[in-house]
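Here is a note for a colleague who is opening this structure for the first time. Please keep the sequence and the model side by side while going through the numbered points.

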Amino acid sequence: MSSVVEKPQSAPEHCPGTQSDKAGRAAACRGCPNQQICASSPKGPDPGITLVKERLESVKHKILILSGKGGVGKSTVTALLSRALAARDAEKNIAVLDIDICGPSQPHVLGVQDEQVHQSGSGWSPVYIDDNLSVMSIGFLLSSADDAIIWRGPKKNGMIRQFLSEVDWGHLDYLLMDTPPGTSDEHLSAVTYLSQANLTGAVIVTTPQEVALLDVRKEIDFCRKTNIKVLGVVENMTKFVCPCCQKSSEIFKATTGGAKKMCEELDVTFLGSLPLDPKVAKCCDDGKNFFEEVPESPVVRAMSIVIEKLLLQV
């Protein structure tokens, strides 16, 4: 019989980590009930890497969704991709893992923010949106949507390891991992724990203006330095589509040629452009399925092109 998951135990704020030479010996370790265990335990590769590998063996494609800059619609694009993949083939199983620890938005965008995560003998059970689409997020473990998560690196890393190694995903065709902006703790943790789990690659989301593309170039460099295959770049909010007259106009002007030009320069696949449609934005706020509510939206049509190109890459 399943039971509601309790909140994860908090690690000391300045915990050096079990693999550190200072484990059990640092000032932060004083008074910790695990001090002696950490001090005497052998140092070596993080055992979590093996646990993640074993847990994700039944997941065919594992894809990171990255953005160099916040506010480019990365979480919306992740939700669109998951909905599109699930709608394309009812026999394919899709899941979203929200590892934006401090800003989890997938429960709200996918319309399941009031659900609870349960635990069984096989691990945490993700929340199902449709028969072939599920999601897991720290947002389900908070007592209130307004609760701030004020964690240092080790605690966030531990939470990501738990998500990757303790969630009972079952057999999946695609696991999309929504990450925070930038190249920080969460990204390094995900890359480390997925290092032996056959990570398929990363999709990078940007907007057309140069200030966003500057950060995307850093994100691509991060992928190359960490041996992550860049599956392609999605340019979001390329044009604004008026819901009344259907005319389009540029909100973020591509002064340097936009994402397509950047992809040509960096030899990266350009997956496509998504317009800005207020109807889709409203669906995100209401947690509704874009493909059912606004099937005529130019965003939905553009997403089908993105999906076709992405499937060629994976």
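1. The model is a predicted one, in which local features need pLDDT of at least 70 and side-chain atom pairs count only at pLDDT 80 or more, while totals for chains, interfaces and linings use all residues. Residues are numbered from 1 along each chain as its sequence is written, and side-chain values use heavy atoms, with hydrogens and water left out.

2. Which residue does Lys 92 form a salt bridge with? The partner is Asp 173, with the closest N and O atoms 4.0 Å apart, where a salt bridge is a side-chain nitrogen of Lys or Arg within 4 Å of a carboxyl oxygen of Asp or Glu. Lys 92 lies in the loop between H3 and E3 and Asp 173 in strand E8 (residues 172–178), so the pair ties together parts that are 81 residues apart in sequence. Helices (H or I, at least four residues) and strands (E, at least two) are DSSP runs, numbered from the N terminus. Asp 173, at 16% relative accessibility, counts as buried.

3. Across the whole structure, a search finds 15 salt bridges. One of them joins the side chains of Asp 130 and Arg 83, at 3.5 Å from N to O; because Asp 130 belongs to strand E6 (residues 127–130) and Arg 83 to helix H3 (residues 74–88), this pair ties together parts that are 47 residues apart in sequence. Asp 130 is partly exposed, with a relative accessible area of 31%, whereas Arg 83 is buried, with a value of 5%.

4. Within helix H7, the side chains of Lys 225 and Asp 221 meet in a salt bridge of 3.0 Å, N to O, and these two residues, four apart in the helix, are separated by about one helical turn. Lys 225 is exposed, with a relative accessible area of 65%, while Asp 221 is partly exposed, at 35%. Elsewhere, salt bridges that share partners join Lys 69, Asp 215 and Lys 218 into one network.

5. Asp 98, in strand E3 (residues 94–98), deserves a separate look. The side chain of Asp 98 does reach the backbone nitrogen of Ser 105, at 3.1 Å, and one of its polar atoms lies 3.2 Å from the backbone nitrogen of Asp 100. Leaving aside neighbours within four places in sequence, Asp 98 is in contact (heavy atoms within 4.5 Å) with residues including Pro 104, Met 136, Phe 163 and Asp 178.

6. In H2, Gly 48, Ile 49 and Val 52 are buried, and they cover an arc of only 105° around the axis, which puts them on the same side of H2; the arc is that of the directions from the helix axis to the C-beta atoms. What covers these buried residues includes H5 and H6. In helix H6 (residues 185–193), the buried residues include Glu 186, His 187 and Tyr 193, and the buried residues of H6 pack against H2 (47–55), strand E2 (59–66), H5 (153–166) and H7 (210–225).

Terms used:
Buried < 20%, exposed > 50% of the residue type's maximum accessible area, 1.4 Å probe, protein only. Polar contact = N/O pair within 3.5 Å; in protein donor to acceptor, adjacent residues only side chain to side chain.
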